[in-house]
Structures are given as C-alpha cells and as structure tokens.
Amino acid sequence: MSGTVSEPARRATRGNPAARSLAEALGALGRIIELGDGLGLGEELDEAREIVARAGARASLAPGRTVIALAGATGSGKSSLLNALAGAPIARTAVTRPTTTRPLALLPGGHTDGEASALLDWLGVDERVVAPLAGPVPADAIILDLPDIDSDVPEHRFIAERMAAQVDALVWVLDPEKYADAVLHKDFIAPMAAHAEVTLVVLNQADRLDAASREQVSADLRRLLAREGLAGAVPILASARTGEGIDSLRGALERIARARNASALRLRADTRRAATRLCERVGAGGTGAPIDGRRLAEAASRTAGAEVVASAVRAATIHRGALSVGWPPVRWIHRLRADPLAALHLRDPSPSTLSRAGEDPRPVDALARTSLPEPSPVAVGLLRTEAHRLAADASAHLPGAARDAMLQRMDERAEAIGPELDAVIARADLGMRAPRWWSVASALQWLALTAAIAGGVWLVALRGMRDLLLIAVEPPRWGLVPWPVVLLAGGLAGGALLGAIGVAAVRAGAERRAARAGKCLRRATDAVVDSRLLEPLRAEREHWDELGAMAADLSRHER
C-alpha cells in the first residue's frame, strides 16, 4: 500500500487547516507503512493501510458533504430521533425490538445529487430517503440511522461497527436505562475518545426523567465520558416524543456540517489512534547501545580461516623462496612438496580480480571457493553467538516484537554469511608476487654454480692432460691456490652461503608477508561483516527508531 496522498486529497487541503494537518498526518502514516513493510511488519500495519486507503477514497467522494451517523444500543430511540430531525416518520420505530436492520440515510430536502449517491454507494448504504422539506436537515449533511451496536444478530452489529468506522461524525444516542452500560462504554465509546472533535452525545428519552433524576443522570454521564477521554462532550438532553432538545441537536449537526472539516478531523483522529496502537507494539524509538562489531569481526575472521591462510602464506613464501634462492643442487627436494596455498585452492589472483592501488579487493567471481577445512563448531558457534549478542544489545530498548524480529533476521544473516566469507578469502590478494631480489639471488646462485662447474671441469681437464697426454700444464694461481681450485671451492662455498643467507632472508620476509596477508584477509572479512551484518543491523535499528518516533509523534499530533 502506497503512503502517498492522492491528488483529490491534496486539492481538499487547500484553504482547510484541518485537511492540511490531515495531509501531513497521512504522509507520516505512509512513511510508517513504508518503514514497516521493509521491517517485515504484517497485520500491525493493517489499520494504517486501511486509513490511508479510506482517506484517499473519501477525499474524492463528495468532499463538501458530512456524513453523520446515529449510533446506539437497542431501545435508545435512534430511529425516533431521526424522525424528529426529519420532521416526518421516515424510519420505522418499535417499543419492544429493534427495527433498523440496515443503515438508513436521510438526505437534506429539496434535491439530491450524484456526489451524495456515489458517497453512499461507497459506504454501502442502499436505503435512502429525502427529507420532505428543506431546512430540518443541514444542507451539507447526510444523517445515517445505524443498526444497534449491541444487536444479537452478528450481521447487524458488524454493519454498525463498520459504518461507525467510516462516517465523518458520530452521535451516540443513549437512553436513561442503558446510558452507563459497561459494554457500550468499554467496547465503543472509550475506543473513540480520540474522535472527541467529531463526537456528540445525546441522552434521548429525557422526558422519562424527573428534574432530580435529570441532574443526577447528566452528572453521572459526564463523569463517565470524562473518564473515557471525552471530557469536553456535554450531553444533549433530548426527547424524540416531546421535541425537547431536537433544535439543539439540529444546530450542533449544522455547525459540524457547515465547518466542512469533520471528515478531516475524523481521519486525523483515526491516524492518531492507529499510531498509538502501533507505538504500543513497536515502541517510541530511542537510542540503543552503540553497535561495536569488533568482537563479531574477530569471530568472523576465525570462522573464515584467516589465521590458517596467513600461516599458509608464510609456508608458501618459504616454499617458493627456497625454489628461487635456495642452493640449486638441492632445489629439487622442495619441488617434491606441494605448495601450501595451491593445496588450499588459493592462487595468485589475476589482475582483473584485484582492486586499484590502495583499495580493498571487491568481489568479482561469486563462485570462488577455497579448500580450507570446515570451520570448527566452536568457531561457528562463536560467530552466531556474537551476532546474536550484538543484535540483542542493539535492540534492547525496543519492545518484544521488534526485538524478536531483529534477532531472528540477524541470526539468519549470520548463518548465511559463511560462503561469502570463504569467497572473499579465495579472491583476496595475498601479495604472493616474488620480490625482485629473489631473481638477483637466483642469478648469483647460478653464477656461483657455474663458477664451481667451470673450476671442476678445469681441474678434470688438467688431470686428463697429465695422465693421458703426459702434458703437465701449470694453471694460473691466486697466490698459492690454483684458479681452478678457487673457482670450484669458491663457487661451492659461495653458493651454499648465498643459499643459506637467501633462505634466512626468505623466512624473515615470510613473517612480514604473513602479517600483511593477515591484515588483508581481516579487511576482506571485516568488509563482509560490515556489509552483511553490521550495516543491515544499523539500518534496521534506525528504521525501527524512526518508525517508533514517527508513530509516537503522530499519536500526539495536535492534541
């Protein structure tokens, strides 16, 4: 249901302060519905939706007419009162049983029009009579005689309740015997306290009371009305039989009709009542505890296996570094071992999956997965517990229904976050590119090995020439040491030394790389936690608070 105000409603607000106030109230109610829909509210918004729909329809139907209903219990004399107002017996009356089984509309005399007919069609009033003379019924009013609200026939009572909720103004017709009826006051009059501006109270059959009883009954009725929120309602004492009070009632009806704002006042009161009821269910908004997601982010990082991956980065760096800077003759040993990151299906990302410099990597391939071991039940339980605790703290100031809804949605999101955590681990740039010095160190290693091989070949050649050709060739010397020996020994020793230094440097670098990878992984998992858990939680609480604050403000609107 849209919360927007219709064009007829906007036109009706021009020059009418009550209608303008109604338009503002309906706009607020529409925003409440929008927020409530987003928060998953259902039947809690039914009354608000009905009011917005009714307001839109009523604004387009005879906006200059005021529909006033006579409502009351069995035997209160509503039909007799309608006849007295019309100045003619247009409604059936009886002493022992109700005769009004369907609402009857009394239209002002002199003319009828299509607008009034369309309005009555919308209200579902088929029985209509026109006052025989102009004057008794205000020209801009339509008066309805409703079935008894305490009827034993469910259909009659349903019609009366439905019509009482749709008309612009209500006249409660009471009689000396049932004016204090508890059911009447509790179920009907008290709930309509917010509609005091468009409510009249008539004590009919006043001719049955003597002077002392009149004063006593009037005082008692005023006390009851004040207790129910209708302190400003002064009962009109009337008698359909003698005509007492009929002119006063007719004058009150004429003032309501002439003001042409009863419909707006009634709908504005309906919005207040709906907002009050909604506020009772969702609270009046407020400021809850700050949402601190650090513990939740830590639990998510553990569940995602960030520590395992950081350790794998350390081991993979050492493994790859040994293949690059280790002593070439023994590098083949490392090739027999599997790459720790490859074993986890964590490979260097392609350029298309990396972020721009200085930015966190963004999801690209939603199907990316790792081969990390399943998180332990303890880690999973800690993540869900932290998520639930955070939602509980954030919603502690909300009433039960709102708090339960927030907790349930947070639990559902926490259960569903695992695959996305795994996906961002799989896509993270772990910084596994080989540093340039590895290439330099490898080149020096091969140079040392080449020197050692050259020295060895040189020595073998000299020995062969001496033993086979009987030619003794004296090699050049470096001091007392022949150069072939220098090359062989220096190449072997230098290569071994370079390999040892290189591996030590790789191990030191592996620690730093693992630390950087851990930070990168933590940023990635933190981003998921923030977007999938924290931001929805903050937004949901803000919406609950906004909804509650708007409902509380609307329930107090222009009281």
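Among contacts (heavy atoms within 4.5 Å) between residues at least 6 apart in sequence, 78% join residues at least 24 apart. The model is predicted, with local features needing pLDDT of at least 70 and side-chain atom pairs counting only at pLDDT 80 or more, while totals for chains, interfaces and linings use all residues. Residues are numbered from 1 along each chain as its sequence is written, and side-chain values use heavy atoms, with hydrogens and water left out.

**Overall figures**

The protein has 559 residues, of which 46% count as buried. Buried means under 20% relative accessible area, exposed means over 50%, and partly exposed lies in between, with a 1.4 Å probe and protein chains only.

The mean pLDDT is 82, and 88% of the residues reach 70 or more; pLDDT is the predictor's confidence in each residue, from 0 to 100. Over residues 94-98 pLDDT is under 50, and the model has three contacts beyond four places in sequence for them. Residues 350-367 also stay under 50, with 15 such contacts beyond four places in sequence.

**The sheet**

There are 19 helices and nine strands in the protein. Both are DSSP runs numbered from the N terminus: helices are H or I of at least four residues, and strands are E of at least two. An open sheet takes in seven strands, in the order 3-2-4-1-5-6-7, with mixed pairing. Strand 3 (127-130) and strand 7 (236-237) are at the edges with a single partner strand each, so one side of each has no neighbour in the sheet. Two strands pair if DSSP finds at least two bridges between them. Strands of a sheet pair through backbone hydrogen bonds, either parallel or antiparallel.

| Pair | Sense | Bridges | Residues opposite each other |
|---|---|---|---|
| Strand 2 and strand 4 | antiparallel | three | Leu-106 and Ile-143 |
| Strand 1 and strand 4 | parallel | five | Leu-70 and Asp-145 |
| Strand 1 and strand 5 | parallel | five | Gly-72 and Val-173 |

Strand 1 is mostly covered, with seven of its seven residues buried. In a regular strand the side chains alternate between the two faces of the sheet. Thr-66, Ile-68, Leu-70 and Gly-72 are on one side of strand 1, Val-67, Ala-69 and Ala-71 are on the other, and all are buried.

Helix 9 (residues 246-259) lies across strand 1 (66-72), strand 4, strand 5 (169-174), strand 6 (199-203) and strand 7, and runs at about 175° to strand 6. Such axes are lines fitted to C-alpha atoms, for helices over the stretch in contact, and angles run from 0 to 180 degrees between N-to-C directions.

**Two loop residues with positive phi**

Gln-205 sits in the loop between strand 6 and helix 8 (211-227). Its phi is near 60°, a positive value in a residue other than glycine. Gln-205 counts as buried because its relative accessibility is 15%.

Arg-260 is placed in the loop between helix 9 and helix 10 (262-282). The phi of Arg-260 is near 55°, again positive in a residue other than glycine. With 46% relative accessibility, Arg-260 counts as partly exposed.
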